[in-house]
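Here is a short briefing on one structure. Please read it with the model open.

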Amino acid sequence: MRDTGGDQRRSVLLAFRSAVALHRLLDVLPVFEGDGRISRWFTLVPGSRFDLEALAALDRSGARVIDFEQATDRPFDLILTTSPKGALASLSGRARALLPHGAGFNKALHDEGSPELPSGLDPAFLLSDGAPWADLHGLGHAEQLSRLAEFCPPAATRAVVVGDPTLDRMLESGPRREAYRAALDLGDRTLLAVLSTWGPESLLVQRPDLPGELVLGLPVDRYRVALLVHPNEVGERSRLDLAEQFRPELRAGLLLPSPHQDWAAVLVAADAVITDHGSTALYAAALGRPVLNAYDGSRELIAGTPMARLLAAAPRFTGLETVRGLPPSTAAPGPAADAFDRPGQALGLLRTELYRLLDLTPPRRAVLAQPLPVPSVPRSAAPALAVRAEVDGPRVRVERFPAATDLPIHHLSAEHPVAGLAQVRSAAVLWRRPGSGRWTVSGWTAHVLAELPACLTAAAVLSADRIVLRHRRRGALTVQLAPGRSAGRIHHLDPSAAVSAVHAWLGTRPTLSPTSDRPVELDCVLAPFTARLTIRPALAAELDAEL
């Protein structure tokens with residue numbers, strides 16, 4: 001039963017000054033769900049250079065907004081914020097609550113407040129006229145409470161360990177991992193998440209070429225790379241500039257999730273992370289994901305903090321071979337136990353504390369962490385790939401890379417007519433899916449070989465398990481694909497990879513007679529599995545199929 005009596009109504013102002021602070025508040029907002037007594041207002045606290053991205057994030061949320069100047073002219077029953085900075089003291093609230101907007105207090109920022117103190121624990125921001133501004137400090141772990149007591153004892157008397165609502169959403173989303181991976185079209189590939197915080201010591205500042213090195217240097221059938229960028233960095237660079245900076249990598253398959261919710265779903269889907277000193281890596285470790293240390297800074301990370309301990313224990317990222325030697329991810333919590341407490345309990349504990357401040361009886365129905373939505377991350381299906389192939393009798397090992405790789409390759413494979421003109425003209429293998437209906441298989445393959453001298457194999461992908469190809473010297477052949485099996489899972493081979501395997505094999509074999517009735521079997525080794533290919537002369541009906 002909902003109590004909506006007039007004398008029971010309460011107003012809550014959610015005050016934020018950056019996109020990351022707003023996202024944190026949105027993760028906390030379910031504590032008030034189903035309660036008609038609560039009116040929810042949002043306001044942007046001025047003074048942050050990241051406020052433009054915060055406003056954009058607020059607009060996407062659909063929240064009720066009040067201008068900060070107007071907010072200072074009216075009282076609220078509760079002011080809830082995730083940052084102690086800015087002109088909070090000018091807001092009028094019967095009660096005030098402050099939550100962290102990340103996994104602990106691991107950094108010292110040298111351009112604001114007390115430069116040697118942890119950001120978030122500085123008395124310059126936590127005290128107002130010598131007294132704590134907040135009536136409640138909701139912390140994620142007892143370690144944070146101890147550090148708050150060390151740096152600002154008055155505030156520690158009002159602190160309660162409530163856990164981390166963002167981590168709880170990730171834990172609640174664990175059963176959806178396969179759905180997230182399907183939405184990202186990962187298949188059996190290892191998803192490597194590259195994590196960059198913001199500021200001069202961030203990965204994007206210190207190692208801006210790293211995403212490109214990974215995307216161009218790792219086989220596309222075994223790895224995908226996602227770049228998770230802190231909202232402050234997104235705001236400072238702008239979404240457009242960030243996308244344009246990494247446009248070549250995006251074309252080669254890099255994933256660039258949005259900084260609200262999508263990043264967390266991608267982290268749940270990930271198999272391992274490469275990180276700087278941003279606290280996002282603590283969430284990854286708590287999910288059981290292997291962590292590689294790529295932090296090159298020296299001033300911002302505070303020694304002895306959970307993040308410093310995680311990086312000290314993590315293997316150092318020294319190049320692509322480090323990635324290839326990663327252990328598998330697990331479902332068990334990793335080395336982040338000193339960063340998160342009370343897993344799965346944050347919203348319930350916060351509801352108790354916030355309703356106490358509101359002087360209301362909380363709703364009877366339990367509040368549960370909301371699973372993250374399925375990520376909607378634009379991704380590019382590379383229309384051209386650089387192929388390395390090793391033929392060993394009836395066994396062909398295939399590795400494919402983005403076309404822009406500098407690695408030595410066997411041939412270039414391109415989708416016709418989707419790939420660029422230069423790629424189409426230089427590709428030894430061209431393949432096409434049915435669609436236009438303007439060609440027969442025989443007509444299109446003969447046309448391509450006549451018009452494009454560099455092309456040696458033209459292939460029509462008729463279905464997920466059948467290809468008809470014409471080789472310049474071997475004639476017209478049909479390739480049947482059987483699924484592979486590995487570790488109890490069924491794997492379906494990308495037909496374009498099968499075309500490359502057959503192309504490489506044909507280049508090493510005596511002439512395969514198109515009149516032979518005996519099929520040839522070939523094993524294509526791709527990523528962690530092997531698929532069986534059966535090759536035979538193409539039938540007249542197959543060559544006459546509509547393409």
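An open sheet of four strands runs in the order E12-E11-E13-E14, with parallel pairing. Its edge strands are E12 (223-229) and E14 (291-293), each of which pairs on one side only. From one strand to the next, the twist averages 20°. The model is predicted.

**The parallel sheet and its helix**

- Strand E11 (residues 190-196) pairs with E12 in the parallel sense, over seven bridges.
- In that pairing, leucine 191 is opposite arginine 224 of E12.
- Helix H10 (residues 210-217) packs on the sheet and touches E11, E12 and strand E13 (272-275).
- The direction of H10 makes about 165° with that of E12.

**Antiparallel pairs around E25**

- Strand E25 (residues 529-537) pairs with strand E21 (residues 475-481) in the antiparallel sense, over five bridges.
- Here leucine 477 stands opposite proline 537 of E25.
- E25 also pairs with strand E24 (residues 520-526), again in the antiparallel sense, over seven bridges.
- Cysteine 524 has alanine 531 in E25 as its bridge partner.
- E24 and E25 form a hairpin, and two residues lie between them.
- Alanine 527, in the turn, has a positive phi of about 55°.
- In general, strands of a sheet pair through backbone hydrogen bonds, either parallel or antiparallel.

**Arginine 10**

- Arginine 10 lies in strand E1 (residues 10-16).
- Is arginine 10 buried or exposed? It counts as buried, because its relative accessibility is 12%, and the cut-off for buried is under 20%.
- The side chain of arginine 10 reaches the backbone oxygen of leucine 358 at 2.7 Å.
- Beyond its neighbours within four places in sequence, arginine 10 is in contact with Arg37, Ile38, Ser39, Asp77, Arg94, Leu358, Asp359 and Leu360.
- Proline 373 is 363 residues from arginine 10 along the chain, and their C-alpha atoms are separated by 30 Å.

**Helix H1**

- Helix H1 (residues 19-28) is mostly covered, with nine of its 10 residues buried.
- Among the buried residues of H1 are Val20, Leu22, Leu25 and Val28.

**Confidence**

- The average pLDDT of the chain is 89, and 94% of the residues score at least 70.
- Over residues 1-5, pLDDT stays under 50.
- For residues 1-5, the model has six contacts beyond four places in sequence.
- Where pLDDT is low, the predicted coordinates should not be read in detail.

Terms used
Residues numbered from 1 in each chain as written. Predicted model: local features only at pLDDT ≥ 70, side-chain atom pairs only at ≥ 80, totals over all residues. Heavy atoms only, no water. Pairing = 2+ DSSP bridges. Buried < 20%, exposed > 50% of the residue type's maximum accessible area, 1.4 Å probe, protein only. Axes fitted to C-alpha atoms, helices over the stretch in contact; angles between N-to-C directions. Contact = heavy atoms within 4.5 Å. pLDDT = per-residue confidence, 0-100. Polar contact = N/O pair within 3.5 Å; in protein donor to acceptor, adjacent residues only side chain to side chain.
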